[in-house]
Amino acid sequence: MKRWILAAVAVMASHAALAESSSDAIAQYRAMLADGNPAELWEAKGQALWKEPRGPRHASLERCDLGQGPGVVKGAFVRLPRWFDDTRRVQDLESRLLTCMQDLQGFDAAAIAKTPFGKGEQSTIENLVAWVASESQGMAFDLPQSHAAEKKMYEVGRDAFFFRAGPYDFACASCHGQEGKRIRLQDLPDLTTRKGAGDAFGAWPAYRVSSGQLWSMQRRLNDCYRQQRFPYPGYVSDVTIALGVYLGVNARGVDSVAPGLKR
Amino acid sequence: MSRTVDRTRTSLWLRSVAASAMTLAVALAGCESTPGAPGPGAATHAEATKIIDSSFSAHGQAGLDRLQQDALQKACSSPTPPSADTVKALEAAEAAKIVPPPDGRYLGDWRAGENLAQNGRGMTWSDKAEAPNGGNCYNCHQLSDKEISFGTLGPSLHHYGKGRGIEDPTSPQAMAIIRYTWGKLYDAKAGNACSIMPRFGAAHILTTKQMQDIMALLLDPNSPVNQ
């Protein structure tokens with residue numbers, strides 16, 4: 001984090017008007033880094049893990065249905081979260097990967113959901129989401145909204161987005177409901193707009209320069225709620241999936257760039 | 001026709017537009033809360049509340065009680081602002097929570113205030129409950145112009161005291177601004193019900209001493225904010 005700030009400050013110092021140009025300077029800095037996004041390492045591992053026989057059943061994920069039919073990965077990322085007939089739930093990518101890991105490979109989904117981010121099978125999921133997302137790079141978000149449950153989850157997601165609570169009275173909307181604002185030097189996308197939701201939803205999972213880790217969408221939302229001073233959102237809990245539907249539907253038509261590169 | 005008349009007419013027209021918008025807002029709010037006939041908004045909200053309640057668990061100092069909204073949080077959890085009457089009632093209730101510093105001293109040490117303004121920690125599940133909270137000021141506001149890493153969710157507070165003509169913050173002439181600023185810091189919702197600024201005093205985020213130090217940062221002529 002400190003290193004990043006120093007680098008950003010160095011880039012900015014070359015500009016005459018400091019405050020005005022800070023976002024430009026950061027964008028420039030990111031473009032420099034984007035020449036090689038370290039997320040590619042996660043993608044490569046994810047691709048290998050997809051095919052590798054693993055878990056108590058020693059099976060691969062090659063028959064996993066991410067919504068486009070068993071084994072179809074291309075285009076799946078830009079159409080999630082969506083309704084699944086077999087689980088009778090609206091599921092996001094991570095929730096669906098858990099279903100496949102349990103049903104096909106025999107892993108205990110509940111145990112993985114309780115595992116801290118970056119540890120054990122959670123790190124497997126990080127690799128998988130990087131690869132699955134990369135297979136939809138350049139495709140436009142097109143989340144289905146035909147099932148009643150998908151429509152309901154959009155409405156619930158919007159409600160959750162504006163839900164203010166906790167000691168600081170924060171909602172998602174407190175920081176992400178206006179255009180052109182920032183916290184410190186960090187630009188805040190307005191997630192109620194197509195462009196803002198596209199820039200944000202369409203960039204996670206992302207490699208985070210500050211921590212050297214790849215963060216999934218679930219991990220991103222989890223940290224948002226931490227900074228909102230809320231209690232702990234369950235991994236793939238319904239509120240996180242509803243927010244995913246709200247953001248993903250708002251981002252309709254925007255091309256996915258995930259896995260992205262972030263501060 | 002004179003310009004004054006033009007202006008009066010424009011202002012009357014604006015007022016009537018605002019009034020109809022308000023009537024509409026009241027009418028819409030009325031629709032949603034009609035007993036026995038909840039609209040889709042109310043049904044979704046009930047469903048969302050159920051989903052939110054079942055999705056979180058207590059962690060560190062962040063207990064599930066944090067999901068229990070007070071009347072203000074409830075009223076301000078919509079993309080549309082509450083009715084003018086509701087806003088008035090909420091602001092009055094918040095104003096009643098403001099407590100002046102018990103020792104009568106509004107201004108502390110601006111150096112400690114600057115440290116607090118820089119500090120964005122506090123009250124997350126990963127923060128130690130017994131550790132003092134930061135003021136989070138630079139996250140949303142510009143203060144000293146020496147600090148280039150500042151947020152823009154709130155207005156710039158650079159020259160906060162200087163711009164308000166505060167030369168001697170202990171003088172009687174400064175008292176109105178001092179009280180106003182204390183109130184804003186203690187409970188920003190007293191003047192703007194759905195403000196995104198936390199209620200630093202009323203929600204027990206900062207101590208009296210910490211607020212006195214931030215007051216000095218804003219109002220002391222020697223503070224970097226007023227250079």
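Beyond its neighbours within four places in sequence, Trp110(B) is in contact with Ala216(B), Leu217(B), Asp220(B), Asn222(B) and Ser223(B), two residues being in contact if their C-beta atoms, placed from the backbone, lie within 7 Å. The model is a predicted one, in which local features need pLDDT of at least 70 and side-chain atom pairs count only at pLDDT 80 or more, while totals for chains, interfaces and linings use all residues. Residues are numbered from 1 along each chain as its sequence is written, and chains are lettered from A and ligands numbered from 1 in the order in which they are written.

Trp110(B) belongs to helix 5 (residues 110-118) of chain B; helices (H or I, at least four residues) and strands (E, at least two) are DSSP runs, numbered from the N terminus. Trp110(B) is buried because 24 other C-beta atoms lie within 10 Å (buried: 20 or more such atoms within 10 Å; exposed: 12 or fewer; partly exposed: in between).

Turning to the interface, 41 residues of chain B are in contact with 37 residues of chain A. On the chain B side, helix 2 (40-55), strand 1 (56-57) and helix 6 (137-140) each give two or more residues, and helix 2 of chain B gives the most, with eight. By class, this side holds 21 nonpolar, 17 polar and three charged residues, where Ala, Val, Leu, Ile, Met, Phe, Trp, Tyr, Cys and Pro count as nonpolar, Asp, Glu, Lys and Arg as charged, and the others, Gly among them, as polar. Strand 1 of chain B also runs antiparallel to strand 7 (residues 232-233) of chain A, joined to it by two bridges; strands pair if DSSP finds at least two bridges between them. Here Tyr232(A) stands opposite Ser57(B).

Helix packing comes next. In chain B, helix 7 (residues 175-186) and helix 8 (residues 208-219) pack at an angle of about 130°, with their axes 11 Å apart; axes are lines fitted to C-alpha atoms, for helices over the stretch in contact, and angles run from 0 to 180 degrees between N-to-C directions. Among the residues making this contact are Trp182(B) of helix 7 and Met215(B) of helix 8. The contact has nine nonpolar, one polar and no charged residues.

In chain A, helix 4 (residues 93-103) and helix 6 (residues 120-134) pack at an angle of about 120°, with axes 11 Å apart. Leu93(A), Glu94(A) and Leu97(A) of helix 4 meet Ile125(A), Leu128(A), Val129(A) and Val132(A) of helix 6, a contact with six nonpolar, no polar and one charged residue.
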